[in-house]
Amino acid sequence: MVVKVYGPHCASTKRVLVCLLEKEVEFEVIPVDLTKGEHKDPEFLKLQPFGAVPVIQDGDYTLYESRAIIRFYADKYRSQGVELLGRTAEERGVVEQWLEVEAHNFHPPAYDLAVHLLFAPIFGITPDPKVIEESEAKLLKVLDVYEERLSKSKYLGGDFFSLADISHLPFLDYIVNKMNKGYLIKERKHVSGWWDDISRRPSWKKVIQLYPPPPV
């Protein structure tokens with residue numbers, strides 16, 4: 001059964017696509033045009049009542065929230081592709097820890113920067129310099145913690161590429177390649193090396209080539 005993935009051009013969906021490629025799971029994409037409000041259509045809301053992407057359909061199984069989806073597939077297909085959760089309970093605990101760090105510490109300021117620097121027209125807002133300044137300051141503190149972690153570990157979850165790294169890819173890409181904020185990464189030796197490593201993975205290169213961000 002081919003997995004259906006809704007909203008491939010959006011950042012959070014790219015977590016799912018990279019995970020599926022790393023796990024060698026076949027999928028097809030279903031475009032959802034947020035600029036036209038398709039995520040608020042009644043039929044889509046039957047799949048995702050909050051009107052957000054991504055959503056997957058796997059046979060008669062439907063799931064939303066990108067981090068839940070990547071956990072699901074990394075676990076369901078443990079026996080194929082790249083091991084993304086760790087091979088022991090302890091390794092998985094660390095991966096889960098950094099997934100939570102991404103969700104609660106890295107993502108909020110990175111998201112706010114993206115909204116105000118890249119997607120204000122889509123959201124119908126005027127960029128707020130104060131929000132941009134405060135978000136960058138928060139992100140700096142987070143990246144300082146990452147620099148310390150990555151000075152001792154090749155990847156966030158340990159010595160292996162994992163979901164914790166995948167989850168960072170979409171908004172790190174915005175920071176480095178779309179916002180002109182690459183210095184936030186490049187000024188930190190170990191964060192910069194980590195980004196260079198994970199952004200070179202064939203799965204990520206394929207995703208950004210096939211599914212560029214929505215036009216602003």
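## Salt bridges

In this predicted model, the side chains of Lys 46 and Glu 43 form a salt bridge, with N and O 2.9 Å apart. Both residues belong to helix α2, residues 42-47, and because they are 3 residues apart there, about one helical turn separates them. Lys 46 is exposed, its relative accessible area being 63%. Glu 43 also counts as exposed, at 54% relative accessibility. Side chains of opposite charge can pair when their charged atoms come close. The structure holds 16 salt bridges.

Another of these joins the side chains of Arg 15 and Glu 102, with an N to O distance of 3.1 Å. Arg 15 is in helix α1 and Glu 102 in helix α4, so this pair ties together parts that lie 87 residues apart in sequence. Arg 15 and Glu 102 are both buried.

Arg 92 pairs with Glu 96 in a salt bridge whose closest N and O atoms are 3.3 Å apart. The two residues lie in helix α4 with a spacing of 4 residues, about one turn of the helix. Arg 92 counts as partly exposed, at 26% relative accessibility.

The pair is part of a network in which salt bridges share partners. Its members are Arg 71, Asp 75, Arg 78, Glu 83, Arg 92, Glu 96 and Glu 100.

## The largest pocket

The volume of the largest pocket is about 870 Å³. Its lining consists of 34 residues, and those nearest the centre are Cys 10, Ala 11, Leu 34, Val 53 and Phe 123. By residue class, the lining divides into 21 nonpolar, 9 polar and 4 charged residues.

Several helices contribute to this lining: α1 (11-22), α3 (66-76), α4 (89-117), α5 and α8 (169-178) each supply at least two residues. Helix α4 gives the largest share, 4 residues.

## Helix α8

Helix α8, which supplies at least two residues of the pocket lining, is largely enclosed by the rest of the structure, because 8 of its 10 residues are buried. The buried residues are Leu 169, Pro 170, Phe 171, Leu 172, Asp 173, Tyr 174, Ile 175 and Val 176. Just after α8, Asn 180 takes a positive phi of about 60°.

A nonpolar patch on the surface is formed by Tyr 111, Ile 122, Phe 123 and Ile 125, which together have about 320 Å² of accessible area. Phe 123 is also one of the pocket-lining residues nearest the centre of the largest pocket. Ile 125 lies in the loop between α5 (120-123) and α6 (129-150). With 34% relative accessibility, Ile 125 counts as partly exposed.

Pro 127 is found in the loop between α5 and α6 as well. Pro 127 is partly exposed, with a relative accessible area of 39%. Between the C-alpha atoms of Pro 127 and Arg 71 the separation is 34 Å, and the two residues are 56 apart along the chain. Arg 71 is a member of the salt-bridge network described above.

## Backbone geometry

Most residues other than glycine have a negative phi, and most peptide bonds are trans. Against this background, the peptide bond from Val 53 to Pro 54 is cis, with omega near 10°. Pro 54 is located in the loop between α2 and β3 (55-58), and Val 53 is among the lining residues nearest the centre of the largest pocket.

Two glutamates have positive phi values. For Glu 24, phi is near 60°. Glu 24 sits in the loop between α1 and β2 (27-30) and is exposed, with a relative accessible area of 58%. For Glu 65, phi is near 80°. Glu 65 is placed in the loop between β4 (61-64) and α3 and is partly exposed, with a relative accessible area of 46%.

Definitions and conventions:
Residues are numbered from 1 along each chain as its sequence is written. This is a predicted model: local features need pLDDT of at least 70, side-chain atom pairs count only at pLDDT 80 or more; totals for chains, interfaces and linings use all residues. Side-chain values use heavy atoms; hydrogens and water are left out. Patches are made of residues with over 30% relative accessible area and no salt bridge: like charges are joined within 9 Å, nonpolar side chains (Val, Leu, Ile, Met, Phe, Trp, Tyr) within 5 Å. Accessible areas come from the Shrake-Rupley method with a 1.4 Å probe; for residues, only the protein chains shown count as cover. A salt bridge is a side-chain nitrogen of Lys or Arg within 4 Å of a carboxyl oxygen of Asp or Glu. Buried means under 20% relative accessible area, exposed over 50%, partly exposed in between (1.4 Å probe, protein chains only). On a 1 Å grid over the protein atoms alone, a cavity is a set of points where a 1.4 Å probe fits but cannot get out, and a pocket is an open set with protein on both sides within 12 Å along at least five of seven lines; lining residues have an atom within 4 Å of a point. Grid points are joined across faces, edges and corners, and a volume is the space filled by probe spheres set on the points. Ala, Val, Leu, Ile, Met, Phe, Trp, Tyr, Cys and Pro count as nonpolar, Asp, Glu, Lys and Arg as charged, and the others, Gly among them, as polar.
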